[in-house]
Structures are given as C-alpha cells and as structure tokens.
Amino acid sequence: MHEYEIKILQALKGKKELGFDDIVVMSGLPKDSAMWAIENLSQAKVVGVKRKGASEVALTQEGEKYVDGFPEERLLKEVFKSGKLDIRGIKDQIALAWAKKNAWIMIDGGMAVITQVGKEAAKEREYPARILLQKLASAGPGAGAVVQKNQQLIGVLAKRGLLTVRERSVIDSVAPLQDPARLLSSEKEAGIGTLTRDMIKSGAWRKERFRPYSINAPVEPLYPARLHPVREFINYVRQQWLEMGFVEIAGPIIEAAFWNFDALFSPQDHPTREMQDTFFLSNPRQISITDMEAVEEVRAMHELGWKEKWSENLAKEALLRTHVTALSARYMRKLANAVNENYPQKFFSVGSVFRNENLDYKHLAELHQYEGIIIGNNLTFANLIDSLKKFYAKLGFEDVKLRPSYFPFTEPSLEAYYYDEEHGDTIELAGAGIIRPEITKALGINRTVLAWGGGLERFMLSARMMGLDSIVTPYKNNVGWLRSRPNIKV
Ligand code: DAH
C-alpha cells in the first residue's frame, strides 16, 4: 500500500463514513494526493465512495479581457461624465445593450441618458459581474465556493461567452468497506516503505523487508523559484549585447530635458518634442546642467540648426526619460575628447523608460528599452545595417526588415520591423541611424556614431521567443501565469 493510502486508512479508522474535506484535514495530505489515494482504495474495494456534481468554471479568452473592465462599465463612465450621449456615437452595441439591461441608462430622443441606478452604479464602481470574473480569475480551478454562491450570474456570463462551465463529479464522502485497523496491521507485515539513516548505520536494513517502490505514482506539480519573465528577458538581451562585444552603460531614470531632448537636437517648440508623450515631473521641477560647455554647444546647435532662440530653462525641465537614447547622449559627452586608439568602441544599455501612452497589446506606458551605439572612424550606413542585422539574427529575427524613418537625432534614419504571423501584424523592433554630425560635434565627439534601439518587451510577443498575446500580461503579476509561463525559446 502506498503511504498516502495508509494515511487515508488511518483517518478512516473507527469511522463509518467521512466527508472528503475532513479526510484531507485528518490525513494531512494535499487534496490531489488524497483524491488519488481514495481512488486507488476504491478500485481495490477497500473503501466505497459517494460522489457529487460540481461545476468547474474557466474564463474564456474574451473573459480574460473583461477582467479589467466590462464594455458597459466604460460606457457608463462616459455617460456619467457628460450626463447624456448621442447613441449614434456609441460603436459598441454590446456595451449599449447591457447598460440598458442594467437600467443604467435610458434612451430618450436618440440620446443615452443616465438613470438614478446608473448614477449609483457609476459611483460605486463595484460591478458584480466584473468582481465575480476577477475572483474566478485569481482563484483558478479551485473556486468551488465562489461557484456555489453565484450560480445565476455564472449562467449569465457563460451565455455572454466569458466563461465555460464544465460539470464534474467529485468525491463527497468515503466509507470503509473493510476494517481499516486490520488492514493497517497486516500492512505493517507487508514491509517497510522508508529507509532511515539509523537503519543504514546499524545495518538493520539487512533484516528488513522493503515494499517495491512505485515510480508511476502521480505527484503534485513542483514550481521551482524562477525569475519574472521581464527580468529574464533583460538578462537575455544583455547577454546578446555582451556576446557581440558591447560594454554596458547605465544612468538615471529621472532626466533633464537637456539629455532626453535638447542634446539630441529635438527642437524646443516643435511637435517632435511631443512625438513621445512625456511625463514631466513637478518635484523636482528642474535639474540643473553643470556642463556649461555642453549647454553652450547645444544652444549653438539649436540656434543655428533650427533658427530659433533656445531656452536653457526649458532644457532644465525634469522628466521620466522617454528613451535610453538620453543615456547614449550622456555617454557620448563623457567620451568627448577621449584619446583612445582602440576604435570602434561599442556600448549598450537596457533600462526603464516611460511614456504617457495608452496600453494595448504592443504598447506599455512603463517599459524597457535597449540601445546600442558604435563610435568609430570611417563608419558607414552599411556598417550600421550589418551590425543591426547580426544583432536581430542572434535573437531569432533573421528576417528583420528595414524601412526609411525619421528621428530628430539621426540622419539617415531607419526602422527595423518584422511581420508577426500569430498576431497578423507588423511589429516595430527598433529605430536606428547615424547620429547627426551636429550632435556629435556639439558633444565633442569627432567620430561617427551608429545607433539602434527599441522596446524590449516587444520580443515577448514573437512566437520565436515567448509568443505572448499581449505584453501587458507579464505585468499583471498573476502568480498562476508566472509559474506556468512559457520559457524563452531561442
Ligand atoms: N529612441 C528612439 C525611440 O525611443 C528609437 C531610436 C531611434 C533609437 C533611432 C536609436 C536610433 O538608437 O538611432 O523612439
């Protein structure tokens, strides 16, 4: 007999019948193990089992999307804000239908008008359907109690295609068919299940009879500690750069506009400055630039290049860096006038950047970027393309495609992208180019600088690397997902 079966029999000793939950407590076994042992005992006709029906509920893909909010909730928010809304402007018919069904809105003369019920619902923000979906999502398959209490709502959500419900029969109670005490004592005679240190030391094991060892016994899945997937990707991408001979550089997340924009020739009153919607800080509001020589060089570059007055005050504005190119600018400056015969020099960075951006499957507001720069003599556009292609090939993108692009700090500029079969979409990987000579000159570099950089999380979308539906997934910190997530493939 297996030791789990013995534990079940010990729990059943002197009992006529025992509920499954009590057996689990008394045997001290995990549920799965108790279930497995009881099924074995039942097959051997040692115990009889009473079963009951239970529904197992799982979220559909559509359901997963609704966890963060139902469409009718978003509609309610909008109508609440404005009081009424022209229904011709409402594209989401499902949202409209459910908002009506919930009596949140009335339709009056072509307008969706908020009701008293709607006003209260908008203030309360506790939409039972969403709360239930969230509970089910975080409870996983063991959500028995939640399911019991919410039968009706579960029916509704299943009809909406947000849930699937599967009926299963589970063990309700167990009754011994043979006397557990007698079985346990004859079990003792059957032999020993565990070899102890003392038996080995004293040699007593020589006289013992051992039970055969079962290697087919099912065990609980084991989840060893592992890194968060984003951290694993950061390490992985760093490794690729290091293997290509790039040296890592790092720097501040809170940055002066000077390094994020001005030193990179991004004009002060031009849309390119908002091309990356930026989080400006109120504390500190400004960061002073101590490198006065660089300030004067950058001023001259702007006033000559853009034919506009340049304000040092605007350059001092504190912000969350929008790209790690800010770091490349700092580093170019650091290398100004450096005498080093070993050119080209290659540097890379991987770091957090921030953008005031709406989330979707390929966009985050807080993300990571990598960037590489090569500084050398007589470097050409062909060198850039060659290095860039080698980099992406190392990461599994042998078919990376290039197209012309525009960035204020590179000329010529290009964009690297690939077509993702699974998403049926073009995914941009990086911007690239030769840093403008105006910039290198202003920063005191009399060599050519090649650069490329992009969003790190994007790699996770590709089936060649991880194949995620969305780069938001790793940031939800769903422990079940983090444990069972796919590995990096390349
Ligand atoms: N920093 C740019 C961005 O965040 C991307 C980029 C473009 C990086 C061109 C580069 C480059 O290194 O050369 O959108």
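These legends describe close-up views of a predicted model.

**View 1. The shell around the ligand.** The ligand is surrounded by 15 residues. His-323, Thr-325, Arg-355, Gln-369 and Glu-371 are the closest. By class, the shell holds 5 nonpolar, 8 polar and 2 charged residues.

View 2. Gln-369 uses its side chain here: an N or O atom in it is 2.9 Å from an oxygen atom of the ligand. Gly-433 takes part through its backbone, with a polar atom 3.3 Å from a ligand oxygen. Trp-452 also has a backbone N or O atom 3.3 Å from an oxygen atom of the ligand. How much of the ligand does the protein bury? Alone, the ligand exposes 350 Å², and the protein buries 92% of that.

**View 3. Helix H2 against helix H3.** Helix H2 spans residues 20-27, and helix H3 spans residues 31-43. Their axes come within 10 Å and cross at roughly 110°. H2 and H3 are therefore roughly perpendicular to each other. From H2, the contact takes in Phe-20, Ile-23 and Val-24. They meet Lys-31, Ala-34, Met-35 and Ile-38 of H3. Of the residues in this contact, 6 are nonpolar, 1 is charged and none is polar.

**View 4. Helix H1 against helix H3.** Helix H1 covers residues 3-12. H1 packs on H3 at an angle of about 85°, and the two axes are 9 Å apart. So H1 is roughly perpendicular to H3. On the H1 side are Tyr-4, Glu-5, Ile-8 and Leu-9. On the H3 side are Ser-33, Ala-34, Trp-36, Ala-37, Ile-38, Asn-40 and Leu-41. The contact of H1 with H3 has 8 nonpolar, 2 polar and 1 charged residues.

**View 5. Two cis peptide bonds.** Tyr-343 and Pro-344 are joined by a cis peptide bond, with omega at about 0°. Pro-344 sits in the loop between helix H18 (325-334) and strand S10 (345-354). Another cis peptide bond links Glu-411 to Pro-412, with omega at about -5°. Pro-412 belongs to strand S13 (residues 410-420).

**View 6. A positive phi at Ala-103.** Ala-103 is not a glycine, yet its phi is positive, at about 60°. Where does Ala-103 lie? Ala-103 is in the loop between helix H6 (93-101) and strand S4 (105-108).

Terms used
Residues are numbered from 1 along each chain as its sequence is written. This is a predicted model: local features need pLDDT of at least 70, side-chain atom pairs count only at pLDDT 80 or more; totals for chains, interfaces and linings use all residues. Side-chain values use heavy atoms; hydrogens and water are left out. A residue is near a molecule or strand if one of its heavy atoms lies within 4 Å of it. A polar contact is a pair of N or O atoms within 3.5 Å; within protein, one must be able to donate a hydrogen and the other to accept it, and residues adjacent in sequence count only if both atoms are side-chain atoms. Accessible areas come from the Shrake-Rupley method with a 1.4 Å probe; for residues, only the protein chains shown count as cover. Ala, Val, Leu, Ile, Met, Phe, Trp, Tyr, Cys and Pro count as nonpolar, Asp, Glu, Lys and Arg as charged, and the others, Gly among them, as polar. Axes are lines fitted to C-alpha atoms, for helices over the stretch in contact, and angles run from 0 to 180 degrees between N-to-C directions. Helices (H or I, at least four residues) and strands (E, at least two) are DSSP runs, numbered from the N terminus. Angles under 35 degrees count as roughly parallel, over 145 as roughly antiparallel, 65 to 115 as roughly perpendicular and the rest as oblique. Contact means heavy atoms within 4.5 Å.
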